[in-house]
Amino acid sequence: FVRGMREALESELVSANLHKWIDLVFGYKQRGRLAKSNLNLFHPLTYENTICWEALEADADERQRVFAQLDNFGQAPVQLFRQKHPKRYSKLAMEHRPFQPFLHNPNLLYACPPPQGVASDLPVVLLRAVVDRLLAVTCN
């Protein structure tokens with residue numbers, strides 16, 4: 001069971017669409033006009049910062065109703081992203097063009113060991129794409 005679920009979650013289909021799910025659950029499509037157009041709306045009590053806890057202290061019946069709602073339907077996750085989440089690069093694309101993410105987004109930074117075949121005693125600590133070249137930075 002676990003192996004099957006892992007294979008499904010790591011499949012190319014999931015990788016190709018994971019960013020859409022992140023946008024709905026944690027991202028810019030969680031609230032507002034885009035949430036409505038994507039049929040991603042929930043009861044107002046489920047969203048962060050919509051409950052006035054001080055007012056609930058005075059009204060026991062309302063407090064009980066709010067807690068029943070939250071117990072039965074849960075709460076929406078905190079909105080983490082305000083912009084579109086980038087698409088994950090597929091394994092196939094990375095095999096054929098390993099530096100493709102750098103070319104599309106030159107601000108990507110990665111800490112990594114030195115590439116194979118690079119003669120250096122110092123580890124590469126930073127890779128950055130500069131126009132059409134890959135810049136490797138060592139400890140010094």
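Visitor: In what order do the elements of the chain run, from the N terminus on?
Guide: They run α-α-α-α-α-α-α-β-β. That comes to seven helices and two strands. Please keep in mind that this is a predicted model.

Visitor: Thanks! And what share of the residues in the chain is buried?
Guide: Buried residues make up 18% of the 140 residues. As for contacts between residues at least 6 apart in sequence, 37% of them join residues at least 24 apart.

Visitor: Let's pick a helix. How many residues does H5 have, and how far does it reach?
Guide: Helix H5 covers residues 60–73, which is 14 residues. From its first C-alpha to its last it reaches 20 Å, close to the 20 Å expected at 1.5 Å a residue.

Visitor: Which residues of H5 are buried?
Guide: Val-66, Gln-69 and Leu-70 are buried there. They sit on the same side of H5 because they cover an arc of only 95 degrees around the axis.

Visitor: Okay, and what covers those buried residues?
Guide: The cover includes helix H4, residues 53–58.

Visitor: Then which exposed residues are on the face turned away from the buried side of H5?
Guide: That face carries Gln-64, Asp-71 and Asn-72.

Visitor: What about the ends? What does Asp-59 do at the start of H5?
Guide: A side-chain oxygen of Asp-59 comes to within 3.3 Å of the backbone nitrogen of Asp-61. Just after the helix, Gly-74 takes a positive phi of about 75 degrees.

Visitor: Which residues other than glycine have a positive phi?
Guide: Leu-39 is one of them, with a phi of about 50 degrees. Asn-49 is another, and its phi is near 65 degrees.

Visitor: Where do I look for Leu-39 and Asn-49?
Guide: Leu-39 lies in the loop between H3 and H4, and Asn-49 is found in the loop between H3 and H4 too.

Visitor: Is Leu-39 buried or exposed?
Guide: Leu-39 counts as exposed because its relative accessibility is 80%, and the cut-off is over 50%. Asn-49 is exposed as well, with a relative accessible area of 72%.

Visitor: And Thr-46, is that buried or exposed?
Guide: Thr-46 is found in the loop between H3 and H4, and it counts as buried, at 6% relative accessibility. Leaving out residues up to four places away in sequence, Thr-46 touches Gln-69, Gly-74, Gln-75 and Ala-76.

Visitor: Switching topics: how much space lies in the second largest pocket?
Guide: About 160 Å³. It is lined by 14 residues, and the closest to its centre are Phe-42, Thr-46, Gln-75, Ala-76 and Pro-77.

Visitor: One last residue. Where is Gln-30 found?
Guide: Gln-30 is in the loop between helix H2 (12–25) and helix H3 (32–37). It counts as buried because its relative accessibility is 3%, and buried means under 20%.

Visitor: Which backbone oxygen lies 2.8 Å from a polar atom of the Gln-30 side chain?
Guide: That is the backbone oxygen of Val-25.

Visitor: What else is Gln-30 in contact with, leaving aside neighbours within four places in sequence?
Guide: Its contacts include Asp-23, Leu-24, Ala-35, Asn-40 and Tyr-47. Further along the chain, Ala-76, Pro-77, Val-78 and Gln-79 are also in contact with Gln-30. Ala-76 and Pro-77 came up in the pocket too, among the residues closest to its centre.

How values were computed. Residues are numbered from 1 along each chain as its sequence is written. This is a predicted model: local features need pLDDT of at least 70, side-chain atom pairs count only at pLDDT 80 or more; totals for chains, interfaces and linings use all residues. Side-chain values use heavy atoms; hydrogens and water are left out. Helices (H or I, at least four residues) and strands (E, at least two) are DSSP runs, numbered from the N terminus. The expected span of a helix is 1.5 Å times one less than its number of residues. Buried means under 20% relative accessible area, exposed over 50%, partly exposed in between (1.4 Å probe, protein chains only). The arc is that of the directions from the helix axis to the C-beta atoms. Contact means heavy atoms within 4.5 Å. A polar contact is a pair of N or O atoms within 3.5 Å; within protein, one must be able to donate a hydrogen and the other to accept it, and residues adjacent in sequence count only if both atoms are side-chain atoms. On a 1 Å grid over the protein atoms alone, a cavity is a set of points where a 1.4 Å probe fits but cannot get out, and a pocket is an open set with protein on both sides within 12 Å along at least five of seven lines; lining residues have an atom within 4 Å of a point. Grid points are joined across faces, edges and corners, and a volume is the space filled by probe spheres set on the points.
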